[in-house]
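Here is a short briefing on a structure. Please look through the sequence and the model before reading on.

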Amino acid sequence: MNTSLKHVLEAALLAVGRPLSLDEMCNLFPESDQPDVAALRGALEELQGDYTARGIELIEVASGFRIQVRQDMERWVSRLWEEKPPKYSRALLETLALIAYRQPITRGEIEDIRGVTVSTSIMKTLQEREWIRVVAHRDVPGRPAMYGTTREFLDYFNLKSLEGLPSLAELRDIDSINAELDFGLPEGGQRQAQAVRGDLTAIDMPLVPDDTDFHPVEAGLEDLPVPDTLH
Amino acid sequence: MMSDSDNPTDFPADVPMDAREQPHQVEMPFAIVQGTAMTSLPQDLYIPPDALEVILESFEGPLDLLLYLIKRQNLDILDIPIAAITHQYMKYIDLMENLRLELAAEYLVMAAMLAEIKSRMLLPRPAGAEGEEDDPRAELVRRLQEYERYKQAAEDLDGLPQLGRDVFPTSAQVPERQQTKQHADVDLQELLLAFRDVMKRAEMFTHHHIQMEPLSVRERMSNVLSMMSEDRFVEFHTLFTVEEGRMGVVVTLLAILELIKGALIDLIQAEPFGQIYVKAAGGHADLPEDFETTVDSAQA
C-alpha cells in the first residue's frame, strides 16, 4: 500500500509545479479514503530516500514539499537557459535581510540601521515578488507600516522556517579586549554595544590628537586608501 | 606571488632578481605590480577619475564607506582614530562632489557627525568628571557594528540556495485530463419546489378568455317569441338578460328588430318615454290597464 501512496505523491508533486502541503496531499484522495499524516510522512521519507542517488531531491519548504533539481546539478542545468538568473543588488539584499531578521520592522527603522533612505523601488520589488508584506502598523504618530517576510520568501530560499536563516554575526565582544588591557571594567559588558559607552572612559584617550592629524593635505588622492576590489 | 622556494632559480625567468626574495614580510601587499609587491601607494600614482567614480558609487551609504575605510586600513572598529577617519571621509566627500556624483544627504550628515565627535574628543575632559563622560565614538561604533551585521547577513542570505539559480523546480507532463462532471444530487424537495415555482409562473400567464360565445340572433328570436304570447303584452325590458352583458343585450335587440320586421311581434308605447310593451302579432291581447289607447300598435 505504501508503494502506491508514494507513487501518487510523487506524481502529484511533479504535476503541480509548486510546493504541496500535507493537507493538499490528503485531498488528492476522496474523503472516505484519506491517508493520515503519519502515512504521508512515511511515504515522503521513502521517496526522499529513493532520490538520494538521483539528480533530484525532495525537500520541505515553508509552503510544503517540493521535488527539485539538486544544487550540484546547477552547472549543467543552468546552461539550458540563456538568461542568467537575477542578481540582487546589495541594497535590496540588505533591506530584505533587515526585514527577515528584525520583523516586524518599519521603513524608518531600516533606514536607521542602514544609514540611508529606503528605496521605494526596492520595497516595491520585494512586495511584487511577494517576499515581504505589511503585517501591522506601529502605534505611533504616522502609523507607519511594519513589514515581515512571507512563506514565498522562505520557499525561494529553500527554507522551512525563519529558523533556517543563517545566524547573525555576533557584535564584537568588548569584554575580551577590556580584559586584555586590564581596565578592571564591571562584569556584564555584553556584546551589546551599550557596553562601549562608559567602558571606554577609563581608557587614556589622547586629548589632543598628535601632529600627524593636522598635516596639511598634500595633494588630493594619494593619501586615500584605494579599494582594490569592487563591492 | 610568494614562492616557498629559497632557490632564486626556481622563479620564472621574467621575474626580476630583486623580487626573488625570501618571503618573510608580515604585511600583506595590496597590489602586485610586475612581480613587485607594493605595500604603500606610490606618491605619483594617478587614478583616473572614471575609475574612482565607479568605485565610489558602489558604497551603500556613509556607514558602508566608513566600514570600508576602517577595514581597509585594518583599524579596530572599537577604537577608531577619529581624526584620521574624519579626514579621509571628508576627502572622499570632496571627491564625490568634484566628480559631481549625486551625494545623498546622509553622507553630509555623517560628515557633520564625524566632525562633532572629533571636536568632543578634542575638548579637555573636566577634572573629576571621570565615569560620566561617554565615549563620543560609542554611538558611531554601535551603528557601524549594527550595519556590519546586516551587511554580512545580506551576503549570507544571498549565499543560500535560491530557486531558479541554484536549485530548479521540476515538472512532469500530465496526461489529458478527463473532465469528471460533477453531478449534483437532486433532492426531491428541491424538485417539488421548482415545480411549484413553475406552476406559479404558469398561473400568471392565465387570463380570462372572454370567448365570443356565438350568440345566434335566430336563436334569440325564438327565445323572445317563446317569452310572449298572443294574449298578453310583455314589458320590453323583461326580454333582456343583463347578466349576459352587452353582447347579450345587443343580440336580443337585434332579434326583436328582426321579429318586428317579420311582423311577428308587436311593440306598443303609450307615450314618449313610457313603458314599451311587446306582444306576439296576431290575436287580441288585452292591453294592460295603464295603457293609453290613443296610439295604435306600432307597425314595424
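In E5(A), what is the bridge partner of His137(A)? The partner is Ala145(A). This is a predicted model, in which local features need pLDDT of at least 70, side-chain atom pairs count only at pLDDT 80 or more, and totals for chains, interfaces and linings use all residues. Residues are numbered from 1 along each chain as its sequence is written, while chains are lettered from A and ligands numbered from 1 in the order in which they are written.

**The sheet in chain A**

- Strands E3, E5 and E4 of chain A, in that order, form an open sheet with antiparallel pairing. Strands (E, at least two residues) and helices (H or I, at least four) are DSSP runs, numbered from the N terminus.
- E3 and E4 of chain A are the edge strands, each pairing on one side only. Two strands pair if DSSP finds at least two bridges between them.
- E4(A) and E5(A) run antiparallel and are joined by five bridges.
- H5(A) packs on this sheet and touches E3, E4 and E5 of chain A. The direction of H5(A) makes about 90° with that of E5(A). Axes are lines fitted to C-alpha atoms, for helices over the stretch in contact, and angles run from 0 to 180 degrees between N-to-C directions.

**Backbone features in chain A loops**

- Gln103(A) and Pro104(A) are joined by a cis peptide bond, with omega about -5°. Pro104(A) sits in the loop between helix H5 (90–102) and strand E3 (105–106) of chain A.
- Arg143(A) is not a glycine, yet its phi is positive, about 40°. The loop between strand E4 (132–137) and strand E5 (145–149) of chain A holds Arg143(A).
- Arg143(A) counts as exposed because it has 11 C-beta neighbours inside 10 Å. The cut-offs for other C-beta atoms within 10 Å, placed from the backbone, are 12 or fewer for exposed, 20 or more for buried, and in between for partly exposed.
- Asn158(A), also not a glycine, has a positive phi of about 65°. Asn158(A) lies in the loop between helix H8 (151–156) and helix H9 (174–181) of chain A.
- Asn158(A) is buried, because 20 other C-beta atoms lie within 10 Å.

**Chain B overall**

- Chain B has eight helices and six strands. Along the sequence, the pattern is β-β-α-α-α-α-α-β-α-α-β-α-β-β.
- Of the 300 residues in chain B, 19% are buried.
- Among chain B contacts with a separation of 6 or more, 58% link residues 24 or more positions apart. A contact means C-beta atoms, placed from the backbone, within 7 Å.

Technical notes
Contact = placed C-beta atoms within 7 Å.
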